[in-house]
Amino acid sequence: MKIPNTTSNITGFILLGFPGSREGQILLFVLFSGAYLLTLTGNDSITCVVYWDQRLHTPMYILLANFSFLEICYVTSTIPNMLANFLSDNKVISFSGCFLQFYFFFSLGATESFFLAIMAFDCYLAICWPLHYPTLMTRRLCSNLVVSCWVLGFLWFLIPIIIISQMSFCGSRIIDHFLCDPSPLLALTCKKAPVIELVFSTLCPVPLIILCSFIMGSYALILKAVFKVPSAAGRRKAFSTCGSHLAVVLLFYGSVVIMYGSPASEHEAGMQKIVTLFYSVVTPLLNPVIYSLRKKDMKMALQKFLRLLKVLIKNVLEQLESKIVFNLFTNIYKNRI
């Protein structure tokens, strides 16, 4: 790959991604394509099942459906461009494309953090206040919380990203990452901007610390309530209600805290890529498996939905086959005439 080097103002960037031989790039393309398709299929299945099954029209599953849709958007903000780069020789991303990816990736990541906190709050109400849960977590409150998560997530990084996009970039156009990340972007600016770097180094950890503390506090209260349950069956039911969410929280926050909870200078480029890959690709891939296996209602609804889908596909294929046979005999009859 030929990498241009220029000291003029930059009109695009080069995402190095995962450098390697042509065969290695094709192998990575196949692996990430499979992961992307599985992520889309799994999360889209959860979204469709919750929409289709009236029994799942409860706050817990409405939040889960929004979270699954969010995961689809999250992986789509990075993987398609990554796949294109695997097959490209120059690996160039335009200036506008880079900052659009930058904005959507971080906005969707912030939205995911807010959703995880709201889902922890929902678990807390369901377990610690079971008798008052229907009156506390109403459909209206759930809708307001969902809208708040989306709005706050997309407003959190808006102004800093606009400010960075207005800065001048000089020197090398190379970003040693598979996405447009703030640290390598700020390193390419013509003039150092310590204030902007401070703003970003604050904006990333602050919501993580606050939301993570809120989630951990919620689960501390949940565990306290669970251990007071006299029967083992009751404790198992409580753990099954929120165990899947806790697993997702640990997967997501564990990798994000490693990435943004400490100074960027402490991470090598390879480690940054691996950690970012984990919370941006691996976690969305595992989420449908975790939720479908841990939640009995979701598992039953998925099985029912898949059976219905199988019947629909079978009927469509039979109709197509009948139409093809009918057209074939029609053509034969016309030719004889």
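The mean pLDDT of this chain is 81, and 83% of its residues reach 70 or more; pLDDT is the predictor's confidence in each residue, from 0 to 100. Over residues 1-9 the pLDDT is below 50, yet this stretch still has 22 contacts beyond near neighbours in sequence (a contact means heavy atoms within 4.5 Å). So you're looking at a predicted model: local features need pLDDT of at least 70, side-chain atom pairs count only at pLDDT 80 or more, and totals for chains, interfaces and linings use all residues. Residues are numbered from 1 along each chain as its sequence is written, and side-chain values use heavy atoms, with hydrogens and water left out.

**The whole chain**
- The chain has 13 helices and three strands; these are DSSP runs numbered from the N terminus, with helices (H or I) of at least four residues and strands (E) of at least two.
- Of the 337 residues in the chain, 43% are buried (buried means under 20% relative accessible area, exposed over 50%, and partly exposed in between, using a 1.4 Å probe and protein chains only).
- Take the contacts between residues at least 6 apart in sequence: 81% of them join residues at least 24 apart.

**Transmembrane regions**
- An unreviewed UniProt entry places the feature "transmembrane region" at residues 26-52, 58-80, 145-164, 208-227, 239-262 and 274-293; the positions use the numbering here, feature names are shortened, and annotations may be inferred rather than shown by experiment.
- Residues 58-80 are 87% helix and 0% strand, with end C-alpha atoms 33 Å apart.
- Residues 145-164 are 95% helix and 0% strand, and their end C-alpha atoms lie 30 Å apart.

- Helix H4 (residues 95-128) has 34 residues and reaches 49 Å from its first C-alpha to its last, close to the 50 Å expected at 1.5 Å a residue (the expected span is 1.5 Å times one less than the number of residues).
- H4 is largely enclosed by the rest of the structure, because 26 of its 34 residues are buried.
- Helix H10 (residues 205-227) has 23 residues that should span 33 Å, and its end C-alpha atoms are 32 Å apart, which agrees.
- The buried residues of H10 include Pro 205, Leu 211, Tyr 219 and Val 226.

- Three strands make an open sheet in the order E2-E1-E3, with mixed pairing; two strands pair if DSSP finds at least two bridges between them.
- The edge strands, E2 (92-94) and E3 (174-175), each pair on one side only.
- E1 (residues 12-15) runs parallel to E3, joined by two bridges, and Leu 15 has Ile 175 as its bridge partner in E3.
- E1 and E2 are antiparallel, with three bridges, and Ile 14 has Val 92 as its bridge partner in E2.
- In a regular strand the side chains alternate between the two faces of the sheet.
- Both faces of E1 are covered, with Gly 12 and Ile 14 buried on one side and Phe 13 and Leu 15 buried on the other.

- Lys 91 sits in the loop between helix H3 (79-86) and E2, and it is buried, with a relative accessible area of 7%.
- Most residues other than glycine have a negative phi.
- Phi of Lys 91, though, is near 55 degrees, a positive value.
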